[in-house]
Amino acid sequence: MITSSVEVDTVSEWITTVLKFEEKITDLDSLGMIKEWHTILSVSDTGYKVSIEVEMDEEHPDYEH
């Protein structure tokens, strides 16, 4: 499982980041490279956090280790 996180300062950045993450993941998902994925949203003491967990299909011909 691959996890990527980013923390931003404003709600608008938070929403934009979620949309960008999900656009990239759905592109990979449409190619059959993703087994499953989850977007996790949270609020921290210093801002807003977006994390995405992705499980790649290691059997896919385009998968790179």
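Is serine 51 buried or exposed? I looked this up before anything else. The model is a predicted one. Serine 51 has 10% relative accessibility, so I noted it as buried, the cut-off being under 20%.

**Entry on serine 51**

I placed serine 51 in strand β3, which covers residues 48-56. I then checked its side chain and found a polar contact of 2.7 Å with the side chain of serine 5. I also listed what touches serine 51, leaving aside neighbours within four places in sequence. The list reads Ser4, Ser5, His38, Thr39 and Ile40.

**Entry on the whole chain**

I counted 1 helix and 3 strands. Along the sequence they follow the pattern β-α-β-β. The chain has 65 residues, and 23% of them count as buried. It exposes about 4700 Å², of which carbon and sulfur atoms supply 50%. I also looked at contacts between residues at least 6 apart in sequence, and 52% of these join residues at least 24 apart.

**Entry on the core**

Which residues make up the largest nonpolar core? I wrote down 11 of them: Val8, Trp14, Val18, Phe21, Ile25, Met33, Ile34, Val50, Ile52, Val54 and Met56. Helix α1 and strand β3 are the elements that give two or more residues to this core.

Leaving aside neighbours within four places in sequence, valine 8 touches Glu13, Trp14, Thr17, Gly47 and Tyr48.

**Entry on threonine 17**

Threonine 17 was on that list, so I turned to threonine 17, which is buried with a relative accessible area of 16%. It sits in helix α1. Beyond its neighbours within four places in sequence, threonine 17 is in contact with Val6, Val8 and Val50. How far apart are the C-alpha atoms of threonine 17 and valine 50? I found a separation of 7.4 Å, although the two residues are 33 residues apart along the chain.

**Entry on the surface**

I went back to helix α1, residues 11-30, and looked at isoleucine 15. Its relative accessibility is 47%, so I put isoleucine 15 down as partly exposed; that class lies between the 20% and 50% cut-offs. Isoleucine 15 forms a nonpolar surface patch with Val11 and Leu19. Together the three have about 270 Å² of accessible area.

Note on methods: Residues numbered from 1 in each chain as written. Predicted model: local features only at pLDDT ≥ 70, side-chain atom pairs only at ≥ 80, totals over all residues. Heavy atoms only, no water. Patch = residues over 30% accessible without salt bridge, like charges linked within 9 Å, V, L, I, M, F, W, Y side chains within 5 Å. Areas by Shrake-Rupley, 256 points an atom, 1.4 Å probe, with all protein chains shown as cover. Salt bridge = Lys/Arg side-chain N within 4 Å of Asp/Glu carboxyl O. Helix = DSSP H or I, 4+ residues; strand = E, 2+ residues; numbered from the N terminus. Buried < 20%, exposed > 50% of the residue type's maximum accessible area, 1.4 Å probe, protein only. Polar contact = N/O pair within 3.5 Å; in protein donor to acceptor, adjacent residues only side chain to side chain. Contact = heavy atoms within 4.5 Å. Core = buried A, V, L, I, M, F, W, Y, C linked by side-chain atoms within 4.5 Å.
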